[in-house]
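Trainee: I'd like a close look at one strand of this model and then at what surrounds it. Take your time, and spell out the cut-offs as you go.

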Amino acid sequence: MPLFYVVFVLVLIIILGAGIYQVIKRLNIKRLYDQNKHSGEEFEGKVNGFSTKSEPYGNSTLQIWTFRILRFDEKLGNPLPKIPIEMKGSRFDGFINDEDTVRVKGKWKEGEILKVNELFNVTNNIPVKVHTW
């Protein structure tokens, strides 16, 4: 009889342990999914060096906006690395100009161009979106 209880308790521990493991695994997967769903940082700064150009794209034209975002440290006001931005598509809703303050989200590493499909023009309080066919 005591052996039965020992075996029963061990089986119960194994089953509960496996269940707890699955719950933890699911929570970790959900957390990773949520992080990837909203991946990237939010950057805010002033538009600098705004330029626009058009390139042929099949039977249509591709519009390309490029600029940099100038940022400063909030505490000391020291300049932070400039973020080069590229927006590319068939047309744009909204607008930006040099010196506008904008907010963008994305993953960016120094030395890379941050390619975005949307941003928010804080100065004019409007969203700016790229449309692709």
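This is a predicted model: local features need pLDDT of at least 70, side-chain atom pairs count only at pLDDT 80 or more; totals for chains, interfaces and linings use all residues.

**A strand with two faces**

Mentor: "Buried" here is under 20% relative accessible area, "exposed" is over 50%, and "partly exposed" is what lies in between, with a 1.4 Å probe and protein chains only. Strands are DSSP runs of E with at least two residues, helices are runs of H or I with at least four, and both are numbered from the N terminus. Residues are numbered from 1 along each chain as its sequence is written, and side-chain values use heavy atoms, leaving out hydrogens and water.

Now for the neighbours of β7. Two strands pair if DSSP finds at least two bridges between them. On that basis β7 is joined to β8 by 4 bridges, and the two run antiparallel; E118 faces K129 in β8. The hairpin of β7 and β8 has 4 residues between the strands, and N125 takes a positive phi near 55 degrees there. β7 also pairs with β5, again in the antiparallel sense, over 2 bridges, with N121 as the bridge partner of V102.

T101 belongs to β5 and, at 16% relative accessibility, is buried. Contact means heavy atoms within 4.5 Å. Setting aside neighbours within four places in sequence, T101 is in contact with F120 and N121, among others, and also with E44, G45 and K46.

Zoom out and you get the whole sheet: 8 strands in the order β4-β8-β7-β5-β1-β2-β3-β6, open, with mixed pairing. Its edge strands are β4 (91-93) and β6, each of which pairs on one side only. β4 pairs with β8, antiparallel, over 3 bridges, and R91 has H131 in β8 as its bridge partner. The chain holds 1 helix and 8 strands, and the pattern along the sequence is α-β-β-β-β-β-β-β-β.

L119 turns up in the largest nonpolar core: of its 18 residues, F67, I85, M87, I96, V104, L114 and L119 touch the most other members. The elements giving two or more residues to this core are β1, β2, β3 (83-89), β5 and β8 (126-131). A nonpolar core is a set of buried Ala, Val, Leu, Ile, Met, Phe, Trp, Tyr and Cys residues joined through side-chain atoms within 4.5 Å.

I64 sits in strand β2 and is buried at 3% relative accessibility. Besides M87, I64 touches S51, T52, K53, E55, E86 and K88, with residues up to four places away left out.

Last, the aromatics. Rings of Phe, Tyr and Trp (its six-membered ring) pair if their centres lie within 6.5 Å; planes under 30 degrees apart count as stacked, over 60 as edge-to-face, and the rest as tilted. The count by this rule is 4 aromatic pairs. One of them is F43 with W108, edge-to-face at 6.1 Å centre to centre and 85 degrees between the planes. F43 is in β1 (residues 41-57) and W108 in the loop between β5 (101-106) and β6 (114-115), so the pair ties together parts 65 residues apart in sequence. Both count as buried, F43 at 5% relative accessibility and W108 at 14%. Another pair is F50 with F67, tilted, at 6.2 Å centre to centre and 45 degrees between the planes. F50 lies in β1 and F67 in β2 (residues 60-70), so this pair ties together parts 17 residues apart in sequence. F67 is buried at 3%, whereas F50 is partly exposed at 25%. F50 and F67 also share one aromatic cluster with W65 and F92.
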